[in-house]
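Keep the sequence and the model in view while reading.

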Amino acid sequence: WSGKQDKSMASIGQDFAQLGRFLAPIAFTNIAKDIGQHVLNRSLSKGSNVVTTLAGFGLAYTLMKLFTNSLSEFKNVGLVLVLDRASRRRSLVILAISGLATALFLLLLGATKLGVWFVEDLHGVNEDTGRAAYLSFLSLCAYPLVDSVAS
């Protein structure tokens, strides 16, 4: 009887080891993401015009996440649709094109009159906050492309 029990305890130990190897990268990724948000907030709050900078970045970041959330969900669809290397390549091409289109849209918001209409007129923010949002759009425009192909 004790031989079976030792064998099952070893099996449980192996199961926990596999679970730990699976969960450790996920935990480290979540911790790094949380620390990154704190570092970002801390660095934004060290400037001269903190309220305007945070408001502009908050607006730009929220709108950027609105446009890129569909890219994040498409990665989950790839788990079902990707069957071989050809379908993986096709999936990456579609994601890269979607990420590039979103990045170009953010670039347009940061560099053209479309951004002025979208930020100042549509959202009703003042000119100073708008300038901070335009700069944030320009600095965040690479994020969708990187996020889309990092699957």
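Angles under 35 degrees count as roughly parallel, those over 145 as roughly antiparallel, 65 to 115 as roughly perpendicular, and the rest as oblique. The model discussed here is predicted.

## Two helix pairs

Start with helix H2 (residues 50–81) and helix H5 (residues 127–140). They pack at an angle of about 45°, with their axes 7 Å apart. H2 and H5 are therefore oblique to each other. Their crossing is right-handed. On the H2 side, the contact is made by Thr-52, Thr-53, Ala-55, Gly-56, Phe-57, Leu-59, Ala-60, Tyr-61, Leu-63 and Met-64. H5 answers with Asp-128, Thr-129, Ala-132, Ala-133, Ser-136, Phe-137 and Leu-140. By class, this contact of H2 with H5 has eleven nonpolar, five polar and one charged residues.

H5 also packs against H3. Here the angle is about 155°, and the axes are 8 Å apart. That makes H3 roughly antiparallel to H5. The crossing of H3 and H5 is left-handed. H3 contributes Leu-106, Leu-107, Leu-109, Gly-110 and Ala-111 to the contact. From H5 come Tyr-134, Phe-137, Leu-138 and Leu-140. Eight nonpolar residues and one polar residue make up the contact of H3 with H5, with no charged residues.

The two pairs side by side:

| Pair | Angle | Axis separation |
|---|---|---|
| H2 and H5 | about 45° | 7 Å |
| H3 and H5 | about 155° | 8 Å |

## The nonpolar core

Which residues of the largest nonpolar core touch the most other members? They are Leu-59, Leu-63, Leu-106, Leu-109, Val-119, Phe-137 and Leu-140, out of 15 residues in this core. H2, helix H3 (85–111), helix H4 (113–122) and H5 each supply at least two residues of the core. H2 gives the most, with five residues. In soluble globular proteins, nonpolar side chains tend to be buried together.

Leu-63 deserves a look. Setting aside residues up to four places away in sequence, Leu-63 touches Phe-118, His-123 and Phe-137. Phe-137 is also one of the H5 residues in the contact with H3.

Gly-110 sits in helix H3. Is Gly-110 buried or exposed? Its relative accessible area is 12%, so Gly-110 is buried. Leaving aside neighbours within four places in sequence, Gly-110 is in contact with Tyr-134, Phe-137 and Leu-138. Gly-110 and Leu-135 are 25 residues apart in sequence, and their C-alpha atoms are 6.3 Å apart in space.

Thr-68 lies in helix H2. At 0% relative accessibility, Thr-68 counts as buried. What does Thr-68 contact, leaving aside its neighbours within four places in sequence? The partners are Thr-102, Tyr-143 and Pro-144.

Ala-150 is placed in the segment after helix H6 (143–149). Its relative accessibility is 54%, so Ala-150 counts as exposed. Ala-150 and Ser-139 are eleven residues apart in sequence, and 19 Å apart in space from C-alpha to C-alpha.

Technical notes:
Residues numbered from 1 in each chain as written. Predicted model: local features only at pLDDT ≥ 70, side-chain atom pairs only at ≥ 80, totals over all residues. Heavy atoms only, no water. Axes fitted to C-alpha atoms, helices over the stretch in contact; angles between N-to-C directions. Helix = DSSP H or I, 4+ residues; strand = E, 2+ residues; numbered from the N terminus. Left-handed = near helix turned anticlockwise from the far one by under 90°. Contact = heavy atoms within 4.5 Å. Nonpolar A, V, L, I, M, F, W, Y, C, P; charged D, E, K, R; others polar. Core = buried A, V, L, I, M, F, W, Y, C linked by side-chain atoms within 4.5 Å. Buried < 20%, exposed > 50% of the residue type's maximum accessible area, 1.4 Å probe, protein only.
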